[in-house]
Amino acid sequence: MNPRPDKTHRPTTRLRQLLVTLAAILTLGIITAGPALAFTPVDIVHAEQVKAGPYTLTVGFSVWPIRAMQSLDFTFAPDGGIAGKSGTLTMDGPGVKPDEHVRPLVRHPRKLEVWGLDVKSLNAPGTYTFTFAIDGPQGHGEGTLTGVQVLDQPGPPLGLSWAVSSLPFVGLVAFLVIAWRRTRPRQHTLTL
Amino acid sequence: MEFTAPSGAIRRAGPTSTTSNAAVHADQGLAARAGAWTVFLGTLITTLGLSWDVQWHVEVGPDTFFTLSHLALYSGSAISGIASLVMVLLATSAQRAGRPWDRAIGGTPVRVFGGAFTAPLGYLISGVGAASFLLYGLLDLWWHSLYGFDAVLNSPPHVALFLSISITMVGSVIVFAAARNLRWGQAGLVVAVPILMTFTPIVTNAFSALPLPVDPVLLGTVFFSALLLIIGAALLPRPGGAIGIAVVLGALQAFLWWFSPWAAHTYAAFVGLPLRDGLTPQPPQLPGGMPMFLILAAIAVELVFWQTRSRHLDGKTLMPVAGAAAGLIVALTIPLQLALTDPTSSTDPATVAILAGAGLVLGALSGVLAGRFTIMLRALAPAGATS
């Protein structure tokens with residue numbers, strides 16, 4: 001029996017159809033799921049009140065208690081909302097870098113109705129303070145949240161994490177050493 | 001005198017190791033080009049994905065494991081890894097069938113897993129980098145589950161991921177270096193070296209928590225720019241290689257300068273997120289760190305190479321001079337670049353002096369190493385290999 005051309009090409013056609021279908025499903029999935037995948041909502045699990053002159057500010061934390069190096073969301077919500085108000089946040093504590101000491105109060109990227117810091121970690125254990133300076137319709141006000149305790153970092157010691165993570169570098173150096181010893185580049189001239 | 005590897009200098013893999021200058025079969029030639037360019041494509045996608053991701057964090061912020069820029073990062077390594085695996089399987093198949101395998105296709109074949117596989121060295125390296133990326137991706141997922149979605153470059157798993165990507169990019173350069181006598185191999189070197197040059201300084205973020213007088217990423221930029229510029233120029237068979245590499249780096253920088261903010265803003269608009277409040281007018285972060293004046297260093301390298309050729313010197317003799325000149329130029333033009341592009345930056349004279357000194361020392365060291373690494377890379381395939 002002679003093979004028919006359409007049967008010969010059928011597997012290729014089916015494969016192509018399968019690939020096109022998979023690509024379409026993947027593309028559709030990414031497009032429709034895009035907004036959901038791009039960010040997660042801010043979930044505040046602990047809050048503190050701060051009196052900054054005439055303003056009352058609610059400071060929210062998405063993780064409590066706080067541990068060193070563990071990033072979390074901070075929200076700063078003045079009573080009456082942030083409209084018409086501005087200010088600065090001054091952070092003090094053992095893990096605060098000099099360029100992070102003072103910063104303007106800006107909207108939280110995932111909770112735009114309040115000010116905040118997104119996925120921010122405090123990188124050393126100890127006691128921290130958050131000082132707020134707020135300007136608004138009722139004038140200027142300042143207040144400080146004191147005694148925010150940051151516990152030791154979770155997980156294994158940092159040295160162990162670095163040791164495991166430096167293995168690719170160790171491997172690369174070992175490869176270079178082996179290649180160097182086998183080719184002995186010092187013994188050869190190089191023509192340019 | 002063209003250096004060729006001494007017999008048995010690198011362990012060979014049975015009959016496939018036969019060095020032959022004869023043209024290999026047409027399908028091997030096609031596979032050689034397809035493999036090399038697919039690995040390169042993966043590294044290019046990774047670079048675009050990282051630049052986009054960094055800009056997303058700077059200008060927009062919210063993050064999960066599955067943002068589109070992350071998917072670009074992952075897919076880049078996946079593409080390079082799969083292409084590397086296919087090339088290793090092709091080489092293994094050829095070796096088992098007793099067919100010759102040209103060393104211009106990925107470099108010297110080496111035995112892997114006791115001879116179960118025969119892997120051209122370049123594809124072995126790029127594949128190991130991609131596999132390492134996969135493993136450290138899992139570690140990164142665990143890290144984020146423990147520490148949260150810290151948008152920092154210098155966490156241990158992130159540094160390991162950057163190292164893994166850099167290893168894949170090293171593999172890509174090795175693959176093109178093995179085919180340096182072919183037109184596509186030369187074209188590949190001119191584009192693969194700038195990709196590696198862009199990426200390697202990112203790894204030096206590992207030292208950013210140390211109290212150093214200068215940002216370690218700047219030092220990494222100086223060292224790797226000089227090292228890779230010289231290696232690339234020395235591997236290419238004609239004068240002008242350094243200029244070509246610098247021009248491609250400039251084109252890549254210009255593209256990323258436009259692409260990264262555009263992609264971040266477009267994706268933000270797509271998912272309905274605004275840009276962060278209080279953004280300062282800084283240049284795009286990843287292209288902003290690429291050496292804008294590398295062309296000057298390239299001219300210096302070409303001049304030193306010209307002197308070497310006209311005096312019939314061993315290429316290694318003046319390599320430290322080429323490296324020191326390139327390192328100094330890159331180091332001194334970094335503050336100029338920052339002054340021109342970043343209104344928020346300021347470099348004090350003491351930092352400039354430290355950068356200049358570091359540029360000389362790191363540059364000279366890079367020159368010494370570049371000479372040796374060039375010889376090692378030339379040993380991957382004989383000078384006359386063609387396919």
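A residue is classed as buried if 20 or more other C-beta atoms lie within 10 Å of its own, as exposed if 12 or fewer do, and as partly exposed in between, with C-beta atoms placed from the backbone. By this criterion, 27% of the 192 residues of chain A are buried. The structure is a predicted model, in which local features need pLDDT of at least 70 and side-chain atom pairs count only at pLDDT 80 or more, while totals for chains, interfaces and linings use all residues. Residues are numbered from 1 along each chain as its sequence is written, and chains are lettered from A and ligands numbered from 1 in the order in which they are written.

Chain A contains three helices and 10 strands; helices (H or I, at least four residues) and strands (E, at least two) are DSSP runs, numbered from the N terminus. Their order along the sequence is α-β-β-β-β-β-β-β-β-β-β-α-α. Strand β9 (residues 126-136) of chain A includes A:Phe132, a buried residue with 24 other C-beta atoms within 10 Å. Contact denotes C-beta atoms, placed from the backbone, that lie within 7 Å. Leaving aside residues up to four places away in sequence, A:Phe132 touches A:Val50, A:Ala52, A:Leu57, A:Phe76, A:Gly87, A:Leu89, A:Glu142 and A:Gly143. The C-alpha atoms of A:Phe132 and A:Gly143 are 5.4 Å apart, although 11 residues separate the two in sequence.

Between the chains, 38 residues of chain A are in contact with 48 residues of chain B. On the side of chain A that touches chain B, α1 (5-38), β8 (111-120), α2 (158-165) and α3 (167-183) of chain A each supply at least two residues. The most is given by α3(A), with seven residues. This side of chain A comprises 21 nonpolar, 12 polar and five charged residues, where Ala, Val, Leu, Ile, Met, Phe, Trp, Tyr, Cys and Pro count as nonpolar, Asp, Glu, Lys and Arg as charged, and the others, Gly among them, as polar.

In chain B, 18 of the 20 residues of α6(B) are buried, so this helix is largely enclosed by the rest of the structure. Elsewhere in chain B, the axes of helix α9 (residues 294-310) and helix α10 (residues 319-341) come within 9 Å and cross at roughly 165°. These axes are lines fitted to C-alpha atoms, for helices over the stretch in contact, and angles run from 0 to 180 degrees between N-to-C directions. Therefore α9(B) and α10(B) are roughly antiparallel to each other; angles under 35 degrees count as roughly parallel, over 145 as roughly antiparallel, 65 to 115 as roughly perpendicular and the rest as oblique.

Terms used
Contact = placed C-beta atoms within 7 Å.
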